[in-house]
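Here is a walk through one protein chain, taken a piece at a time.

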Amino acid sequence: MSPWRLSVAPMIDWTDRHCRFFHRLITQRALLYTEMVNAGAIVYGGTERHLRFNAEEHPVALQLGGSEPERLAQAARLGEQWGYDEINLNCGCPSERVQRGAFGACLMAEPQLVADGVKAMLDVVSVPVTVKHRIGIDKEESYAFVRDFLGTVADAGCRVFIVHARNAWLKGLSPKENREIPPLRYEVVYQLKRDFPQLTIALNGGVTTDEQIATHLQHVDGVMVGREAYHRPWLMREWDTRFLGAASALHTTPDEVEAAMVDYMAREAAAHGTPWYAIARHMLGLHHGRRGARLWRQVWSDHKLKTLPAHEVWAIAKAHLEEVPVEA
Ligand SMILES: Cc1cc2nc3c(=O)[nH]c(=O)nc-3n(C[C@H](O)[C@H](O)[C@H](O)COP(=O)(O)O)c2cc1C
């Protein structure tokens, strides 16, 4: 089964190692992506700060931002040394800050530079090197544009493409608007799979239900889910059995996941001095749809409680929840 069949998207400020630890308690098999990490920050800054992760997170992919082949190669090599299972290059982020650094979605206008970066990384690592990109930039909506981008990068040896099925408009839209306003065109991604059957093509953008995942998997090799997995993580509860070949479910409940997270918070506090709220913020959608969830969420976001140990905050929070979980 393809490792890219189901994954959780890279999301800056969201999919940090705590978030990934949390997601791993709900799905054992989906591939998890880091936030985008600037290749230069890895090479010249705190390698440990940027690359440290929990062993439980595997399989986990490191997403790099950058465009300079030699620097990408250095960062990729460090990523492999730190144990990441894949190196992914961001060619889809539209933020102006990223554009100034000449990487992200604007790289789609420079397929040869991306190809050179991919090749430089492939030369120095043995884990897969993959690319995440859009279907076009600005008003460039021709299929030929994205087909030629993909073809050029594939010629450099990239075998896996994760395609966010909308254009990035580099001028005039915020990154958030760029995830909502340019229309989704799934048909373009399906067509890429038809034209490049030998490549692994995963689709991303706007997926919110298991039914949609099942539909897309009839056309492409994989589906990547971002915001919905973050805001409604219990969505992932059947992924292992329904899509990823697991014989049995984890037999876990949201309450058990929360208990495991509280243990993790205590371990993190003891080992690294991490405050519980840096971890708890990622699980605020856990009880989505359950009576009392709003009050529960307020407790876990209440910074006035930040001097309490996590298990005491937990006791206050869970008192608000109705006993039996209501299906989301
Ligand atoms: C808060 C946030 C941060 C994001 N950061 C990144 C990033 O670091 N790298 C990247 O390739 N995409 C990033 N994205 C885009 C997502 O990976 C994904 O492509 C996009 O949200 C569409 O998928 P979705 O509709 O399932 O959320 C981010 C999205 C959000 C909401």
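**Helix pairs, overall form and loops**

Helix α12 packs against helix α15 (residues 310–318) at an angle of about 155 degrees, and the two axes are 9 Å apart. Axes are lines fitted to C-alpha atoms, for helices over the stretch in contact, and angles run from 0 to 180 degrees between N-to-C directions. Helices (H or I, at least four residues) and strands (E, at least two) are DSSP runs, numbered from the N terminus. The pair α12 and α15 is therefore roughly antiparallel. Angles under 35 degrees count as roughly parallel, over 145 as roughly antiparallel, 65 to 115 as roughly perpendicular and the rest as oblique.

This is a predicted model: local features need pLDDT of at least 70, side-chain atom pairs count only at pLDDT 80 or more, and totals for chains, interfaces and linings use all residues. Residues are numbered from 1 along each chain as its sequence is written.

Back to the first pair. The crossing of α12 past α15 is right-handed. A crossing is left-handed if the near helix is turned anticlockwise from the far one by less than a right angle, and right-handed if clockwise. From α12 come V262, M265, A266 and A269; from α15 come A310, H311 and W314. These residues make the contact, where two residues are in contact if their C-beta atoms, placed from the backbone, lie within 7 Å. Ala, Val, Leu, Ile, Met, Phe, Trp, Tyr, Cys and Pro count as nonpolar, Asp, Glu, Lys and Arg as charged, and the others, Gly among them, as polar.

Now the whole chain. The protein chain has 15 helices and eight strands. Its radius of gyration is 20 Å, close to the 20 Å that the globule rule gives for 328 residues, so the chain is as compact as a globular protein of that length. The radius is taken over C-alpha atoms, and the rule is 2.2 Å times the number of residues to the power 0.38. Along the principal axes, the C-alpha atoms fill a box of roughly 55 × 45 × 40 Å. Of the 328 residues, 44% count as buried. A residue is buried if 20 or more other C-beta atoms lie within 10 Å of its own, exposed if 12 or fewer, and partly exposed in between, with C-beta atoms placed from the backbone. Take the contacts with a separation of 6 or more: 72% of them join residues 24 or more positions apart.

Two further helix pairs follow. Helix α4 (residues 69–82) meets helix α6 (residues 111–124) at about 35 degrees, with axes 8 Å apart. Their crossing is right-handed. On the α4 side, the residues include L72, A73 and A76; on the α6 side, they include G117, A120 and M121. This contact of α4 with α6 has seven nonpolar, one polar and four charged residues.

Helix α7 (residues 143–155) and helix α8 (residues 186–195) cross at roughly 45 degrees, and their axes come within 11 Å. They are therefore oblique to each other. Again α7 passes α8 in a right-handed crossing. Y143, V146, R147 and L150 of α7 face V188, Q191, L192 and D195 of α8.

Next, the loops. M283 sits between α13 (276–280) and α14 (293–300). Is M283 buried or exposed? M283 is buried, because 23 C-beta neighbours lie inside 10 Å. Beyond neighbours within four places in sequence, M283 contacts F22, E258 and M261. The C-alpha atoms of M283 and H18 are separated by 9.6 Å, although the two are 265 residues apart along the chain.

The loop between β1 (6–8) and α1 (17–24) holds W14 and also D13. W14 is partly exposed, with 18 other C-beta atoms within 10 Å. D13 is exposed, with 8. Phi of D13 is near 75 degrees, a positive value in a residue other than glycine. D138 has a positive phi too, about 50 degrees. D138 lies in the loop between β5 (129–133) and α7.

H58 and P59 are joined by a cis peptide bond, with omega about -10 degrees. P59 lies in the loop between α3 (47–51) and β3 (60–65).
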